[in-house]
Amino acid sequence: MAGEQIRRKVKVEGGTLKFSSAHFITYGGKCERLHGHNYGVLVEIEGELGQDGLVFDFTLLKRYAREICQKLDHHFLLPMRNPQLELIALSDQWEIRFGEKRYLFPYTDVVELPIENSTAELLAEYIHGELLQLLAQHDISHLISLMVGVEEAPTQMAYYQKELR
Ligand SMILES: Nc1nc2c(c(=O)[nH]1)N=C([C@H](O)[C@H](O)COP(=O)(O)OP(=O)(O)OP(=O)(O)O)CN2
């Protein structure tokens with residue numbers, strides 16, 4: 001019908017779209033104690049129909065999101081751009097200092113992230129950036145927006161959404 005607005009979305013969530021990682025954030029001038037979360041990841045794409053009547057293939061979308069989750073899984077999430085942390089690269093480990101606190105993490109246990117803090121908000125933005133690079137291997141000219149959600153716990157989730165055009 002003339003003037004009819006149609007919006008199409010695909011969403012993948014649950015199953016293997018998760019990672020279990022250790023972290024702490026700095027906030028309010030303090031540094032949290034080291035702890036972990038079983039994070040869940042959600043991805044939503046809005047777009048027009050592309051080939052074969054798909055906005056984007058669920059199977060591929062899950063594969064890409066899963067690849068990113070697997071890089072984070074069972075690691076300490078190190079925010080490389082946190083101005084409140086002193087990061088010292090030792091021969092085989094990171095030394096992390098905040099005031100009197102001092103942590104040592106072997107490099108093998110750490111994933112270095114180009115973010116300021118490992119909040120759910122900034123993790124969602126990071127995953128969004130990584131995912132967009134993977135999606136850009138395809139013709140995504142019919143896609144309108146990409147959203148990534150990171151769930152810290154069933155009670156709390158942060159989203160990052162960006163227009164693609
Ligand atoms: N908007 C955000 N707020 C907070 C974030 C965040 O990423 N985005 N993160 C934290 C902490 O990292 C903390 O780990 C949150 O854990 P939580 O389980 O909420 O801790 P609490 O003990 O306060 O909550 P309970 O429900 O009692 O377990 C804080 N805020």
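**A look at the core**

Modeller: If we leave aside neighbours within four places in sequence, Ile-127 is in contact with Val-41, Ile-68, Val-148 and Val-150, where contact means that the C-beta atoms of two residues, placed from the backbone, lie within 7 Å. Please keep in mind that this is a predicted model, in which local features need pLDDT of at least 70 and side-chain atom pairs count only at pLDDT 80 or more, while totals for chains, interfaces and linings use all residues. Residues are numbered from 1 along each chain as its sequence is written.

Biologist: Which residues of the largest nonpolar core touch the most other members?

Modeller: That core has 31 residues, and those touching the most other members are Val-41, Val-43, Ala-65, Ile-127, Leu-131 and Val-150. A nonpolar core is a set of buried Ala, Val, Leu, Ile, Met, Phe, Trp, Tyr and Cys residues joined through C-beta atoms within 7 Å, and a residue is buried if 20 or more other C-beta atoms lie within 10 Å of its own, exposed if 12 or fewer, and partly exposed in between, with C-beta atoms placed from the backbone.

Biologist: And which element gives the largest share of this core?

Modeller: Helix 2 does, with 7 residues, and among the other elements that each supply at least two are strand 1, helix 1 (58-72) and strand 7. Helices (H or I, at least four residues) and strands (E, at least two) are DSSP runs, numbered from the N terminus.

Biologist: How many helices and strands are there?

Modeller: The protein has 2 helices and 11 strands, and from the N terminus on they run β-β-β-β-α-β-β-β-β-β-α-β-β. Of its 165 residues, 26% count as buried.

Biologist: Switching to sheets, in what order do the 3 strands of the open sheet come?

Modeller: The order is 6-7-8 with antiparallel pairing, where two strands pair if DSSP finds at least two bridges between them. Strand 6 (86-89) and strand 8 (101-106) are at the edges and have a single partner strand each, so one side of each has no neighbour in the sheet.

Biologist: What joins strand 6 to strand 7?

Modeller: A hairpin does, through 3 residues, and 4 bridges also join these two strands, with Glu-86 opposite Arg-97 and Leu-87 partnered with Ile-96.

Biologist: How many bridges join strand 7 to strand 8?

Modeller: There are 6 bridges between them, and in this pairing Gln-93 stands opposite Pro-106 while Trp-94 stands opposite Phe-105. These two strands form a hairpin with 2 residues between them, and Gly-99 in the turn has a positive phi of about 55°.

Biologist: Now the ligand, what surrounds it?

Modeller: The shell consists of Ile-25, Glu-32, Thr-119, Ala-120, Glu-121, Glu-152, Ala-153, Gln-156 and Ala-158, where a residue is near a molecule or strand if its C-beta atom, placed from the backbone, lies within 6 Å of it. By class the shell has 4 nonpolar, 2 polar and 3 charged residues; Ala, Val, Leu, Ile, Met, Phe, Trp, Tyr, Cys and Pro count as nonpolar, Asp, Glu, Lys and Arg as charged, and the others, Gly among them, as polar.

Biologist: Last one, is Gly-3 buried or exposed?

Modeller: Gly-3 counts as exposed because it has 4 C-beta neighbours inside 10 Å, and Gly-3 lies in the segment before strand 1 (8-23).
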